Amino acid sequence: MNCFQFEELFHDLDRPGTDGFAARDSVLAHAESCSRCALLLTEAESLDLALSALSARENGEQASPRLEKLLREEFRRGHAVSSRRRVRWQIAALSTAAVMLLTLGLLLRHRSGTPTGVQSGSLNPSAARNSGANATNAGSIGADTSTSDVALAENQQADSDSETSFVPLPYADDSMAGEGGAIVRVMHSRPALASLGLRVTDMADTDRVPADIIVSEDGAPQAIRLVSQSSLD
Amino acid sequence: MEMTQNTDLADDRLLRRMLAGDEDAFADLYRRKHPAIYRFALHMSGNPALAEDVTQEVFMALIREPGRFDPARGSLGAFLFGIARNHLRKRWEQERRLVPIAQDSDELDDFIAFAVSGNGHGNAPPSTFDDLDALDTIGRVRRAISTLPENYRGVVVLCELEEMSYEEAAEALSCPVGTVRSRLHRARTMLLDKLREAHPVRRAWARGK
């Protein structure tokens, strides 16, 4: 070992895991043969002692207890703030979740009513056109209204739109004939209809007007109603 | 190394409890970590009041922004030392006068007189520092340390006064182990020079002149 190598290693003689510690014997052997390096080694050892003394003396140094108290207060304050913030976030998150669930529930409820209209629409185009009215009617009738019931109601409604209601004839004597008799469609002249008490002034300007007559079981006409030209078409 | 891992595990447990709002865990963590931080700041600044301020800032940062600590990047101790170094630098920039400069020739003379006490001739066996305490040289050594440049002072404080290994100091200072080693060697040489400086005869002897 030479002096240069000695200077590289002599600071680490007492530090385990270092090259100086591993080469300790060689370093000490060199110091015994070199007065200059021996002095360096002695000074280094003296410095180590001084540093150790300083370290030991100040090892117990620490901040004042007041600082710990202050920091604990700060910790409590900071944690309280963060807890409040966390609670606010949780409330906001729960509110959002509740609103989303409510919206989802309403959407599903709305969709559960829609398939009836869609189904009837596929069976009956006219019903599809009147799906808005169907929804209203279905609401009053009930969600389990069958498709055929809806279609029947629509047909009846369509009939009532194109035809007037039956008017009892003056000489009719069987008010219940409509239940047991038959309906016969006939073509009447305007004067004949007027004589039966029907208003024909606002009808289309034709010589003969279609009408339905309820005929009782004995063949006597009981009531009459006008049929519009559009329903015939 | 095993002890370091155990320390880290204990720190992690305390930190998790602290994050959950456990004040006692924070107090335990503070008591475990603050002495080293305080002494580091004290040795680096030479000012007890500043050391206490820095310690306070370090733990305030841990309370307010615990998320800044990433275990994947190093130990909690290294994280806290990093904050302490940053605060010290800020304070030094604000108040450069806080770094004490031990240029008092009388003190150095005393130290050197003690350090090289002998027969005054170069061939005498050099004295040791056995009676350093009696000569109250501890304060002088501290002052000599405080005159070192910051980078060198840091490694002396951690490796010599806090008795950290090179690896631990490297983690605390966020630099390679080789850098710590070379800085420490250089710092020790500088310290020896400073303590020898006021005694040119002895110095010349030490250099073989």
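Select chain B and consider its contacts, where two residues are in contact if their C-beta atoms, placed from the backbone, lie within 7 Å: among those between residues at least 6 apart in sequence, 60% join residues at least 24 apart. This is a predicted model, in which local features need pLDDT of at least 70 and side-chain atom pairs count only at pLDDT 80 or more, while totals for chains, interfaces and linings use all residues. Residues are numbered from 1 along each chain as its sequence is written, and chains are lettered from A in the order in which they are written.

Next, colour chain B by secondary structure, and you will find ten helices and zero strands, where helices (H or I, at least four residues) and strands (E, at least two) are DSSP runs numbered from the N terminus.

Now turn to the interior, where 42% of the 209 residues of chain B count as buried, a residue being buried if 20 or more other C-beta atoms lie within 10 Å of its own. A nonpolar core is a set of buried Ala, Val, Leu, Ile, Met, Phe, Trp, Tyr and Cys residues joined through C-beta atoms within 7 Å, and the largest one has 56 residues, with Ile37(B), Ala41(B) and Val156(B) among those with the most contacts inside it. Its largest share, ten residues, comes from H2(B).

Select Val156(B) by itself: leaving aside neighbours within four places in sequence, Val156(B) is in contact with Ile145(B), Leu148(B), Leu161(B), Leu184(B) and Ala187(B).

Finally, show both chains, whose contact takes 37 residues from chain B and 31 residues from chain A. H2(B) gives the most to the side of chain B that touches chain A, with nine residues.

Note on methods. Buried ≥ 20, exposed ≤ 12 C-beta atoms within 10 Å, placed from the backbone.
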